[in-house]
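Hi,

Here is the structure I promised to pass on.

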Amino acid sequence: MMNLLTIQADSMPQALAKVKEQLGDQAVILHTKTTERKHVCGILRRKVVEITAARDHQDLPPSIRPAILSVRGTNTQDVDPVARTDEALQTSDEASSALGQMEELKAVVAQLVSQVRTCQASLSSSAPPPLEGELYGTYQSLVENEVAEEIAELLVRQLVDELGCSQLGDRLLLRSRLAAFVESMVPEAGEIKLVDKTGPTLVALVGPTGVGKTTTVAKLAAAFSLRKGKKVGLITNDTYRIAAVQQLRTYAEIIGVPLHVVDSPEGMPAAVRALHDCDVVFIDTAGRSQNDSLGVQELACFLAETPPDEIHLVLAATSSKRVLEQAIDRFRPVGMSRVIFTKLDEAVGFGVMLACLRRTEAKLSYVTMGQNVPSDIEVADASTIAKAIVAGRRSVG
């Protein structure tokens, strides 16, 4: 009687490793198969690889020993399990039955080679998680709304962990819980808080070129001056961009606030002193490419002269996840404590915020959606943003 062992694993390489571990280098494979099992109420699926093996050739009938694939030295690129078997079959009393077994084994080994190659290829793929029904639709909706695939999968698995089988089919409940999970991933900073100290609260806005920093500075200045009745001052060091100073000067004149232009780090303390009687001073900085490390270092030098109370990294929701992550990493040395997302009205989806907030480990302060000053800016509300991400809306209103 043959001494056989059946091994199960999540992949062919894992199964082969278990065979070798439990039966040794001389183990021989008799049969393999792949099955798909459902778990967690039949919603999530996973593949299971099963291998039947013997400890060595001595456990096998003599007629088929030469045909078995040895675990030791196996080359899945060039497998010929039937080599040297013709002569053995000619003299064996079990030739007719062994011939049938040989054909079956040949098919098994071919299947094994195919499974190993498929498994190796799948290790480098980024296929979506094996979901069905409403959960798969939820996953797809999140990805279409610019939620990173790994975060979308995490959110869906949180739903599976929390809700029972019958509840997973309740679309309204599922969306409600999903919105709650998303909301927990959007840390709110609230509006800018004035610091109780001698001199103004300093708030700097930094970020890549073209994200709308100057317009955002104007919106904040108008909101604090016209709506909150605070005394506001402006400082800019953006002397590189054509007409940048003139743009902010125009806003300053309309709002009725003073503006100081600084062209070197040494000029920052004097500009702040000139605005000593203001409640809050907003600092508009020159945009820097995420590839411009020297420019970011220069910006850090400007801010180091008079360290701001808050530094807001301004990012455009229209940018790709990769570009945003590069910008976050580049500006990290500046020391951002808050994030502002602009251009929500132009974005394909809002889900990209989740990956960015995770990467910055900073809180979301404001979002903007349009060019109107000061109306097109809002204090970030995690609940509203989460509902927009789940519903796939293109506005947070």
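**Notes on the model**

Helix α8 covers residues 213-227, which is 15 residues, with helices taken as DSSP runs of H or I of at least four residues and strands as E runs of at least two, numbered from the N terminus. From first C-alpha to last, α8 reaches 20 Å, close to the 21 Å expected at 1.5 Å a residue (the expected span is 1.5 Å times one less than the number of residues). α8 is mostly covered, with 13 of its 15 residues buried, meaning under 20% relative accessible area with a 1.4 Å probe, protein chains only. Just after α8, G229 has a positive phi of about 70°.

Before you go further: this is a predicted model, where local features need pLDDT of at least 70 and side-chain atom pairs count only at pLDDT 80 or more, while totals for chains, interfaces and linings use all residues. Numbering starts from 1 along each chain as its sequence is written, and side-chain values use heavy atoms, leaving out hydrogens and water.

Next, a helix pair. α5 (residues 149-162) and α7 (residues 171-184) pack with their axes 10 Å apart, the axes being lines fitted to C-alpha atoms over the stretch in contact. L155, Q158, L159 and E162 of α5 touch L174, R177, L178, F181 and V182 of α7, where contact means heavy atoms within 4.5 Å.

Lastly, A54 sits in strand β3 (residues 44-54). A54 counts as buried because its relative accessibility is 0%. A54 and L23 are 31 residues apart in sequence, yet 7.4 Å apart in space, C-alpha to C-alpha.

Cheers

Notes:
Axes fitted to C-alpha atoms, helices over the stretch in contact; angles between N-to-C directions. Buried < 20%, exposed > 50% of the residue type's maximum accessible area, 1.4 Å probe, protein only.
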